[in-house]
Amino acid sequence: MSDQQTVTLSKKDFVSDQDVRWCPGCGDYAILSQVQKVFPQFGIPKENFLVVSGIGCSSRFPYYVDTFGFHSIHGRAPALATGAKIANPDLSVWIVTGDGDSMSIGGNHLIHVLRRNFDLNILLFNNQVYGLTKGQYSPTSEIGRISNSSPLGSVDYPFNPPLLALGAGGTFIARSIDREQSHLQGILKEAYMHKGTSFVEIYQNCWVFNDGAFESLTEREMKMETQLILEHGKPMVFGKNKDKGLSLKGSKLQVVKLGKKYSIDDVLIHDEKNKIQGLLLSELSYDKKFPTPLGIIYKEEKPTYETMLYDQIEKSVQSKGKGNLDKLFHDSHTWNV
Amino acid sequence: MDDFLDDELKQMEERESLQENTIVEAIALSDPIESLSKGCLSLPEDTSLREVVNRFQKENIGCAILTRDGKISGIFTERDILLNVLGKKLDFEKETVKDFMTNDPQVLLPTDPVSFALNKMVDGGFRNIPIVDGELNPVGQISILDVVNHLGQYFHQEILNLPPEPLRKQNRREGG
Amino acid sequence: MTNKSKSKKKVDRVVIRFTGDSGDGMQLTGSRFTEATAIMGNDLATYPDYPAEIRAPAGSLAGVSSFQIQFSSDNIGTPGDKLDVLVAMNPAALKTNLSDLKTSGIIIANKANYTNKNLKLSGWEFNPLEDDSLRDYRVIALDMTRLVSNAVEDMDLSVKLISRSSNMFALGLVSWMYDRTLDSTINFIKEKFAKRPELVEANIRALKAGYHYGDTIEEFQHVVTVSKAKFKPGVYRNIVGNQALCFGLITAAEKAGLNIYFSGYPITPASDILHILSGYKNFRVKTFQAEDEIAAIMSVIGAVFCGDLGITATSGPGMALKGESLGLAIATELPLVVLNVQRAGPSTGMPTKTEQADLFQALFGRNGESPVVVLAANSPADCFATAFEACRIAIEYMIPVVLLSDAFLAHGSEPWLIPQTKNIPKIRNHLFKKSNGFSPFRREKSTLARQWGIPGTKGLEHRVGGLEKDIETGDVSYDPENHEKMINLRQQKVDIIAKDLPPVDPSGDKSGKVLVVGWGSSFGAIKEAVNRSRKENHTVGHIHLRHLNPFPPNLGETLLKYQNVLVPEMNSGQLLLLLRGKFLIDAKGLNKVQGKPIGVDEVYDNIINLAGA
């Protein structure tokens, strides 16, 4: 294990020698760039990074970052990352996955890694389609999606990623967009700093198979009205003139226009620690009547799995003494011949 | 192997302590019968047979407590119908239940424990026992089924959670 | 406490099975008898059969628990085929076990439990203790509960406690019959039940009462003795297969200078391994109960990538699930060990019954050409050495290894010569500690092992994955010729191990009429059958393969030295097909797929058949 001294690295240290082979125009390029800019800012040695992926376009990510990386099998990245984190808890582990990889075949491993709260980071590149295998609808595609495997429109209700993560016990749930460079960088940093499983949903545009899925969120004219940037402790306002906000009516959210009837005092203050509010915000994912929350939806601190495990190990060594094989073998009824 | 030994010891200990106390608890103790009993059908003793049978059918009940001036005077059950009424040429409109009921039945107070009820059922052979207050006003009745249900509640594991056709056909191990 | 009043009769070997309801304490009884026997110096083998999964109703057939022990003055390898003594504490036990008793064998029954209710429950129409259904056997029917009651009369104990102690009465009686001492059992009782002095006293009195009973009744004319067996000098203990596996694993980790990462998912009959290793935290063993079988092996791969010795354990159905992941381990050339404690299949099969039908699965159960190393343990004590060997190969050759055990080995036990750990050789690992000269897929010529550069080591950043890779650089490559080279390389990685394996050396005759080739838990039965046939002057040899892939170097030529090759297996002919296909010999199979071990007689009969032909 290397010394934990602060080292000065830059983006180019994290660029690997592999030709990056996503479709030109793919949102993944932007995300890669932000990650490569942000990693050097953590001040940890390069050899302490581990990037793990499953299968999918997103999962080619490890090849393009010059750190230790593992391109594993479909859906299983969280399980592999878990073993790595237990073996070496000092590593900064990043799971890069997609909506099919993490919520279809990998659904089971996703919810368990969230539940167990390892100190690692999950980057979900959500493009709401299966890119690598040519365009089938995915568990996050909206109902009615027309695709190769659903020519008449899908009849599947989609998963709501932040809601699923909250339900699984996630302790850090955030959302950003591939194109919002500084916002994404900020979220990646927050994810790194959070001691626990950080779940970051990144809306990513696959222009080949699902172009424009997030157009309303990224188009310059529209995005003011559709993006709700969450800031802890600040009222949840949006709109070009910051003239709209989210308010609570009974137990439901509603959009209010500030003016005569509603003032800024009627707008809800964003509280990252409030799980109920987090649930309400997560529910907005597929609701066109509301803006889309971006930023940290929910955050809580609690002990991580590996901390508690190593605690047990240390206590065991202290109370039982370091393991001795000969002593162990003879710890039974023995007889001499 | 140690797993087997520990599991076996646990089972042996369970068997040993298998609720010897519970049966004593269930029937001797303070569970007053008023907590077991249901309401009763109370009628004046000069009610016609026809009316009594109608009430039995309408309310899906098999036992009536008869009163004279509000105080208990008799008990009449479906068994009395079977044994004393059926097959005889009787005018159901005219005959009153007074002539067919059991007079001055054994009664219990609401605060009496379950064991008293059991005693009367076992010793006296009664299936239904009226419950009265201090002034012989009927306040309820307790039947054999009420007592059996009560015992069943105490022996959840042994009675309620039995496999179908309990203890037969179990000749295979399960593993997973 | 020794017996002086009756005469002694010596025999070579005895097979006893203690049976009763699972609440009757047969495991306790059997394990105490085993310890007393071990102390007296006999060779022994045991097999406990306990309904460990879920509770069965008291007195039912499914609730029967049994413990079998064979002890001898010779070297033995199996717990015995037919029984000399059957202790049947209740009618259900008698019903399920009677067929294994020899004619004129002894039945010891606790009359008190042969009630109408129990008889009906277990399907006896009449009480077999009272009619002539057991006329072919010697029946000793006692009311043990009453006899124990008498012994503890002054103690005012509950009926339940008295009946609980009747197993000790039976133990006392059988101990007297076979001249075992009671001291170790008495000490055990005092220690185990120290918190309940009345239980200690009741058990000890019951034990002694049983012992004296043997002495006083006329039924027994003499006491049976079995002389000490010849053992290599050393310190011995009794060991159970699954426990021995765990000992082998932690020893290998220490010798290799690595920490163990174990992950598993509960599955019969491998769950014990997870339990045992979870108790070794002071050895810095990390265990992870995964959410499913796939997560278990995937997390192991992650841990191995980071430098731990990675192990997972499962049974047949779990192996099926792990296929794709095992392929990933093969493609990334990482050292991990997969333990398969085989049980009867296919699908859910018979989870508590033994079989050895997962050999093909271990060799071929993945997409593409994906060879792994396959080893098999042959006895409970051998699980230690085979587990160590599996780890050694995995680490020294940077290759995944599958170790096959089975339900019979998992819970069976036998004496184990405790090794001196300082004499166990170190294992060489390929951890790359320098900060230059690293190339993740540069392979050492003698082992084809690649360099193990783990995260956290400066300068060694690299990526691995399941896509085909260039043979030199390790970069993703779809080049046709490279692919073929890699396919061949992965096969060579397995084959090269054979270079350093000891050549096969058949026991018995080195050439002759019949060669019996076996693997796995049939070892003891084959050994005894071969010995018996050789005593009758047949030329018979025995090879028991620990290494199934690769085979030991000279296996092919050794097979040719015999006129017949017999392959006994608890499957439909898997090793048989391999030997026939690889070596072009007309080997014959002895195939038994009944969820039970192969018997000595069965092997013997087949040998004689071939020898005579």
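Student: Which residues form the nonpolar patch on the surface of chain A?
Tutor: Trp207(A), Val208(A) and Phe209(A). Together they have about 260 Å² of accessible area. Keep in mind that this is a predicted model.

Student: Where does Phe209(A) sit?
Tutor: In the loop between strand S6 (198-203) and H8 of chain A. Phe209(A) counts as partly exposed because its relative accessibility is 32%.

Student: What about charge? Which residues gather in a patch of negative charge?
Tutor: Asp211(A), Glu215(A), Glu219(A) and Glu221(A) gather there, on the surface. Glu215(A) lies in helix H8 (residues 215-218) of chain A. Glu215(A) is partly exposed, at 44% relative accessible area.

Student: New topic. Which chains share the most contacts?
Tutor: Chains A and C, of the two pairs in contact. Chain A and chain B do not touch. Their nearest C-alpha atoms are 11 Å apart.

Student: How many salt bridges are there over all chains?
Tutor: There are 44. One of them joins Asp179(C) and Lys8(C), with the closest N and O atoms 3.1 Å apart. That pair links distant parts of the chain, 171 residues apart. Asp179(C) is in the loop between helices H6 and H7, and Lys8(C) is in strand S1.

Student: Is Asp179(C) buried or exposed?
Tutor: Buried, because its relative accessibility is 14%, and under 20% counts as buried. Lys8(C) is partly exposed, at 47%.

Student: What does Lys592(C) meet in a salt bridge?
Tutor: The side chain of Glu602(C), at 3.0 Å, N to O. Lys592(C) is buried, with a relative accessible area of 9%. Glu602(C) is partly exposed, at 28%.

Terms used: Residues are numbered from 1 along each chain as its sequence is written. Chains are lettered from A and ligands numbered from 1 in the order in which they are written. This is a predicted model: local features need pLDDT of at least 70, side-chain atom pairs count only at pLDDT 80 or more; totals for chains, interfaces and linings use all residues. Side-chain values use heavy atoms; hydrogens and water are left out. Patches are made of residues with over 30% relative accessible area and no salt bridge: like charges are joined within 9 Å, nonpolar side chains (Val, Leu, Ile, Met, Phe, Trp, Tyr) within 5 Å. Accessible areas come from the Shrake-Rupley method with a 1.4 Å probe; for residues, only the protein chains shown count as cover. A salt bridge is a side-chain nitrogen of Lys or Arg within 4 Å of a carboxyl oxygen of Asp or Glu. Lys and Arg count as positive and Asp and Glu as negative; His and the chain ends are not counted. The place of a charge is taken as NZ of Lys, CZ of Arg, CG of Asp or CD of Glu. Helices (H or I, at least four residues) and strands (E, at least two) are DSSP runs, numbered from the N terminus. Buried means under 20% relative accessible area, exposed over 50%, partly exposed in between (1.4 Å probe, protein chains only). Contact means heavy atoms within 4.5 Å.
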